[in-house]
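Trainee: I have a structure to go through with you. I would like to ask about the terms as we meet them.

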Amino acid sequence: MFSYCTDPSTLEGLSWLSCYLTTGKHVNLYISVFVVLALLAITAPVALLFGFGAASAARSKFLPLRWFGKGYTSIVRGVPDIAFFLFFVIALDQAFEWMRHKVKCPDWDQPIRQGIDFVVCDVAKLPLSTSPQWVHETYGFFLAVLTFSIVFGAFAANVLYGAMRAVPRAQIETAEAYGMTHRQAFWRILVPQMWVYALPGLSNLWMVLIKSTPLLFLLGVEDIVYWARELGGTKTARFTDYPHPNWHVWYFAALLVFYLCFTKVSEVVLDRVMKRLTKGQATAGGEAQRKAAA
Amino acid sequence: MSCVETIQAYALRSLGFGERLLPRGEYTLCEHFTLIGSGLIWNVYFGALALMTGFFLAVALAVGKSSTNPLWRKPAEWFIFVFRGSPLFIQFFFAYACFLSLKGVSSFFDPFTSAWLGALIVLFCNTAAYSGEIFYGALLSIPKGDIEAADAYGMTGWNRFRRITFPTMLRLAWPAYTNEAIFLFHATTLVFFSGFPAWRQQGDALYYASYFADKTFNPFVPYPILAFYFILLTLVIISLFGFVNRRLNRHLPQERRKKFRWRPNLIR
């Protein structure tokens, strides 16, 4: 990185550290921070969308749709979330391959599950064994995002379902008295008003989402935990210019601090958003704000 | 092997008793149920011990955080912030790395690098922080009248805490504490995925479930079995805590009792 880094064995102190922290592998570590941020940026809206869909399905008048919504919202109850992460990654992968198999190889006559093997025809493999490395990595990341979205969608559905029920019944009745249809009342009255009730739950969910990003490591994505483990291990002079003993403690301490800062900043920002949203609302929080101002 | 033989061979496999080699080849449903159930022993061990020991530290933290003396308040606040603000997964990794380097200093730290003690300590601190925050919230919402009544009777200090503050705090916090207990048991599944090695393949329920899923490429059998066990465990926890809740509320009329409400949004 820097010009004086050509011979690390002559360096000492801070200049050694500055060279050490800018090696190619460390740059990978910094990039993986953005992988985590990208995961958060994609998962949060998608999960919210899934949650919204499921929460409205759970309120539907059509029975099978309601069953689907209720079933989806309750899958997260009682079972460890990490089990879902491990389950969905394999299950989604196999579901995609199976669907492609059905489409691309219709005249395949052998069973797909042969004993303990899962066999699909070659052209149905995902990603194709001929495709370059970045396709494999992107596919892995895509599966991880989908898994996160499904699990957190179920969490969000719980929150939004509660928020929809928390909107005062009189609001809907008033809308109906004005002659609005069911659909109009839902979109024009219920949806705009439910956010203030949903926000405490959703901000909690955001914190949970931040804190669950290290699980990416379990899904096989090269995230910050992966690189911290990789870089922190003992390095001998034979394989690297920067030999050092086992430094896992420092790397994980850095990750700990990173997450602490991240959650703290989120907390402060979400507090502000909540203050803005409760302004003028007919809730206990809004009432307290009004009294404090007066 | 018949199913009874399988149970004899593998029911205590996670503790190191019975058959040494894990089953191989075609896995029967019975083997799935037995091994995953055997792993559940570890989940119950971690959860129950961390919960029981963590309870005391949690009460201390809650009292500390509500103290007016910054000497007590600041450490409690920081402890709660650190353990609630960071992912449990990273805490496990960090603690394991710490214990590993301490092991080099003194052989006293040898047992700390194995899951039964090292992971238990992390879970103990973690649940203490989460429940400490719950208890702190309950301390703040104790009705003013209760404390005033205690003052009027001349109760002070330890006497007032033991007879009035503590029981009321526990009663108000109990429904939230039930949730905490459930999610602590769920969190125990992280232990063997986070640095702590599963010695001689003696792991917890999720360890064996993912073992089966890796070997058979079929997630649709082991994970639902795991789910079944955990739903069972959750129901046991809810009924046990419900029993305590009824006892804590027995002096109150029916409509003023605090009910358990499911709040399923807590991964750590």
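Mentor: Start with chain B. Its elements, from the N terminus on, run α-α-α-α-α-α-α-α-α. The model is predicted, so local features need pLDDT of at least 70 and side-chain atom pairs count only at pLDDT 80 or more, while totals for chains, interfaces and linings use all residues. Residues are numbered from 1 along each chain as its sequence is written, and chains are lettered from A, ligands numbered from 1, in the order in which they are written.

Trainee: How many helices and strands are there in chain B, and what makes a run count as one?

Mentor: Chain B has 9 helices and 0 strands. Both are DSSP runs, numbered from the N terminus: a helix is H or I over at least four residues, a strand is E over at least two. The C-alpha trace of chain B spans about 75 × 50 × 30 Å along its principal axes.

Trainee: Why is Gly64(B) called buried?

Mentor: Count C-beta atoms, placed from the backbone: 20 or more others within 10 Å means buried, 12 or fewer means exposed, and in between is partly exposed. Gly64(B) has 21 such neighbours inside 10 Å, so it counts as buried. Gly64(B) lies in helix α2 (residues 29–65) of chain B. Buried residues make up 43% of the 268 residues in chain B.

Trainee: Which residues does Gly64(B) touch, leaving out those up to four places away in sequence?

Mentor: Trp72(B), Arg73(B), Pro75(B) and Ala76(B). Contact means that the C-beta atoms, placed from the backbone, lie within 7 Å. Now look at Gly25(B). Gly64(B) and Gly25(B) are 39 residues apart in sequence and 56 Å apart in space, C-alpha to C-alpha.

Trainee: Why is Leu252(B) called exposed?

Mentor: Leu252(B) has 11 C-beta neighbours inside 10 Å, so it counts as exposed. Leu252(B) lies in the segment after α9 (222–248) of chain B.

Trainee: What share of contacts in chain B between residues at least 6 apart in sequence joins residues at least 24 apart?

Mentor: The share is 72%.

Trainee: What about Gln201(B): why is it called partly exposed?

Mentor: Gln201(B) has 16 other C-beta atoms within 10 Å, so it is partly exposed. Gln201(B) is in the loop between α7 (157–187) and α8 (205–216) of chain B. Check its backbone too. Gln201(B) has a positive phi of about 55 degrees, although it is not a glycine. Most residues other than glycine have a negative phi.

Trainee: What makes a set of residues a nonpolar core?

Mentor: The members are buried Ala, Val, Leu, Ile, Met, Phe, Trp, Tyr and Cys residues, joined through C-beta atoms within 7 Å. The largest such core here has 128 residues, and Ala156(A), Leu160(A) and Phe92(B) touch the most other members. Helix α5 (residues 133–166) of chain A gives the largest share of this core, 16 residues. Beyond four places in sequence, Phe92(B) is in contact with residues including Ala119(B), Val122(B) and Leu190(B).

Trainee: How many residues does each chain bring to the contact between chains A and B?

Mentor: Chain A brings 41 residues and chain B brings 37 residues. On the side of chain A, α9(A) gives the largest share, 10 residues.

Technical notes. Two residues are in contact if their C-beta atoms, placed from the backbone, lie within 7 Å.
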